[in-house]
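Trainee: I would like to take a close look at a single part of this model, with a connected account of how its residues are placed.

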Amino acid sequence: MLAHYEVGDPRNPMVVCVHGVCDVSAQWADLMQRLADRYFLIAFDSLGHGLSPRYTQAELATPGDAAMDALAQALEFQEHLHGKRAAVIAHSMGAAISSKLAAHRPELFAGLLLEDPAWLNDQQRAGYLSRSAEQVALSTMWRGDPVKNLKGNVHLRPHWSSTSHTAWAYGKTLVDPRLIATGVVSFPEPWEEVAAAITVPTVVITSDTDSVLVGKTGAAAIAQLANPAINVEIIPGTSHTVRLDAPEEFYATVNQHLSAWL
């Protein structure tokens with residue numbers, strides 16, 4: 001069972017949050033507090049992250065699929081426990097995992113909000129693989145002196161909340177370094193195949209800068225799929241962490257779609 005924490009009244013509609021690589025459930029704290037008066041929210045530590053189980057050696061051969069299977073079990077358990085399906089909000093790697101699961105198991109989802117999902121083209125996929133050793137070194141650095149690196153992150157991203165900075169450091173120190181060493185942050189299939197198979201109401205939230213994965217080019221490719229289940233929202237001027245750079249705009253988009261689905 002994946003580690004998780006809960007906020008809100010369990011009698012309310014259920015929303016599940018799934019973080020990205022090297023992150024942790026606590027990174028959703030600001031969003032969860034904003035939504036807690038209307039929804040019951042659960043944030044998971046994904047496999048190999050936070051307080052959740054580490055990957056087995058066999059699972060590291062296909063880490064995305066292993067994480068997806070663990071998420072499926074967690075969603076099944078929460079639906080059985082609370083008697084309702086969840087809308088899922090997910091970021092980057094978590095968004096990729098969630099989208100593939102939704103393509104295969106749509107009955108688990110009331111809706112899907114994907115914050116700049118790791119729907120990677122060949123160049124992006126190769127980039128993650130080539131940077132794997134660098135990312136392992138960064139993870140080691142974070143674990144060696146998290147306070148120093150936390151101060152550096154505050155200097156680099158002064159517009160983030162203190163909660164987000166703390167969760168960022170917490171996640172970096174608790175990720176399984178063997179996962180980072182694989183350089184895998186998504187599923188192996190072309191993302192277009194997964195996106196074309198989605199039937200769950202889905203919104204992709206991205207931006208128009210060079211630091212996002214989907215961006216305008218990806219949005220145009222999504223439009224070419226002509227999948228009526230998927231819409232794209234562009235919040236201008238943000239980085240890959242859209243919700244942390246433009247929280248008001250992100251929360252407004254989330255509220256709009258959750259209200260329609262739940």
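Which exposed residues does the face of α12 turned away from its buried side carry?

Mentor: The model is a predicted one, and in it the face of α12 that is turned away from the buried side carries the exposed residues E248, Q256 and A260. Helix α12 itself covers residues 247–261, 15 residues in total, and the distance from its first C-alpha to its last is 21 Å, close to the 21 Å expected at 1.5 Å a residue. The buried residues in α12 are F250, Y251, T253, V254, H257 and L258. These residues lie on the same side of α12, because the arc that they cover around the axis is only 160°.

Helix α2 can be read in a similar way. With 20 residues (63–82), α2 should span 28 Å at 1.5 Å a residue, and this agrees with its end C-alpha atoms, which are 29 Å apart. Buried positions in α2 include P63, G64, A66, A67 and M68, and also among them are L71, L75 and Q78. Just after α2 comes G83, which takes a positive phi of about 70°.

F77 and L81 belong, together with M1, to a nonpolar patch on the surface, and the accessible area of the three together is about 320 Å². As for M1, its place is in the segment before β1 (4–7), and M1 counts as exposed because its relative accessible area is 57%, where exposed means over 50%.

Notes: Residues numbered from 1 in each chain as written. Predicted model: local features only at pLDDT ≥ 70, side-chain atom pairs only at ≥ 80, totals over all residues. Heavy atoms only, no water. Patch = residues over 30% accessible without salt bridge, like charges linked within 9 Å, V, L, I, M, F, W, Y side chains within 5 Å. Areas by Shrake-Rupley, 256 points an atom, 1.4 Å probe, with all protein chains shown as cover. Salt bridge = Lys/Arg side-chain N within 4 Å of Asp/Glu carboxyl O. Helix = DSSP H or I, 4+ residues; strand = E, 2+ residues; numbered from the N terminus. Buried < 20%, exposed > 50% of the residue type's maximum accessible area, 1.4 Å probe, protein only. Expected span 1.5 Å × (residues − 1). Arc of directions from axis to C-beta.
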